[in-house]
Amino acid sequence: MSLYTVAVVGRPNVGKSTLFNRLIGERKAIVDDVSGVTRDRQYGESEWNGKHFHVIDTGGYVANGDDVFEKEIRQQVEIAIKEASVILFVVDVTCGIMGLDEEFAQLLHRSRKPVLLVVNKVDNSRRQIDGVEFYSLGFEHLHFISSLSGSGTGDLMDDVTALMTDPTDELITELPKIAIVGQPNAGKSSILNALVGQERNIVSEIPGTTRDSIHTHYKLFGKEFILIDTAGLRKKVRRKKISNSIQRSAPSKPSKKLMSVC
């Protein structure tokens, strides 16, 4: 597998999943205006300047949130930071610097990992001027991009791949894939966690906890393959029209920090 892993991190609703999808060239992660959609770590593969690497999408980091999922999301983000060779710290220029950005910046400084600060939603010259304030977060490398249109992402990836110095690195892409399927709350994520020996996916008693299809690389006991944890299969209901693209069965009460976009 690739020696290099790029983690996309940041507070909720700054455009991490949109950037993740653009970097891997497919719509793999669920994207929505609602905060807290991404929960588990989501892995993809990318190539730029002839170099192959993994990309990790993460849920929105909330330092001291009281929501039922926020503690688990924090754990998933911290695992991604430990796995990462390079970290893309995404912020939102339309909101300016928020308290969550400052708290997360302190965590990343302590990680001692290479961090590229990515100021997202910069789609005009006025927003580029507004984005200068993010230099105060203390990161040397700052990029103005629009993950939606792709503006600035080429220069960003040039800097990312410049940090990848091993020319012999190769990526294995053709591995057997095994999907774990079943109805909601049947224990699919628990089975995957048991197989890989770590808390790979968030597990709770709330149906619908897993939303994305989560790909995990298994390499133990001389065997190597991809395990895919899936969202719960539900019986089709003809009488009710589904009005929301995000499946929620028994959502928890969102914390006040996540009630608004900014």
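**Notebook: salt bridges, cores, confidence**

I counted four salt bridges, taking a salt bridge as a side-chain nitrogen of Lys or Arg within 4 Å of a carboxyl oxygen of Asp or Glu. The model is predicted: local features need pLDDT of at least 70, side-chain atom pairs count only at pLDDT 80 or more, and totals for chains, interfaces and linings use all residues. Residues are numbered from 1 along each chain as its sequence is written, and side-chain values use heavy atoms, with hydrogens and water left out.

**Salt bridges**

I looked up Asp101 first. Asp101 pairs with Arg11, with the closest N and O atoms 3.2 Å apart. Asp101 lies in helix H3 and Arg11 in the loop between E1 and helix H1 (16-24), so the pair ties together parts 90 residues apart in sequence. Helices (H or I, at least four residues) and strands (E, at least two) are DSSP runs, numbered from the N terminus. Asp101 is buried at 0% relative accessibility, and Arg11 is buried at 3%. Buried means under 20% relative accessible area, exposed over 50%, partly exposed in between (1.4 Å probe, protein chains only).

I then took Asp92. Asp92 forms a salt bridge with Lys121, the closest N and O atoms being 2.9 Å apart. Asp92 counts as buried at 0%, while Lys121 is partly exposed at 26%.

I also noted Arg127 and Asp123, whose side chains meet at 3.3 Å, N to O. Arg127 is partly exposed, at 27%.

**Cores**

I checked the largest nonpolar core, which has 27 residues. Such a core is a set of buried Ala, Val, Leu, Ile, Met, Phe, Trp, Tyr and Cys residues joined through side-chain atoms within 4.5 Å. Phe89, Phe104 and Leu108 have the most contacts inside this core. Among the elements giving it two or more residues are strand E4 (86-92) and helix H3 (99-111). A second, separate core of 20 residues includes Val86, Leu116, Leu156 and Met164.

I listed the partners of Phe89, with contact meaning heavy atoms within 4.5 Å. Leaving out residues up to four places away in sequence, Phe89 touches Asp101, Phe104 and Leu108, among others.

**Confidence**

I read the pLDDT, the predictor's confidence in each residue, from 0 to 100. The chain averages 76, and 66% of the residues score at least 70. Confidence is highest in E5, at a mean of 98, and lowest in strand E8 (residues 214-220), at 68. Residues 30-39 are below 50; beyond near neighbours in sequence, this stretch has 38 contacts in the model. Residues 201-212 also stay under 50, with 57 contacts beyond four places in sequence.
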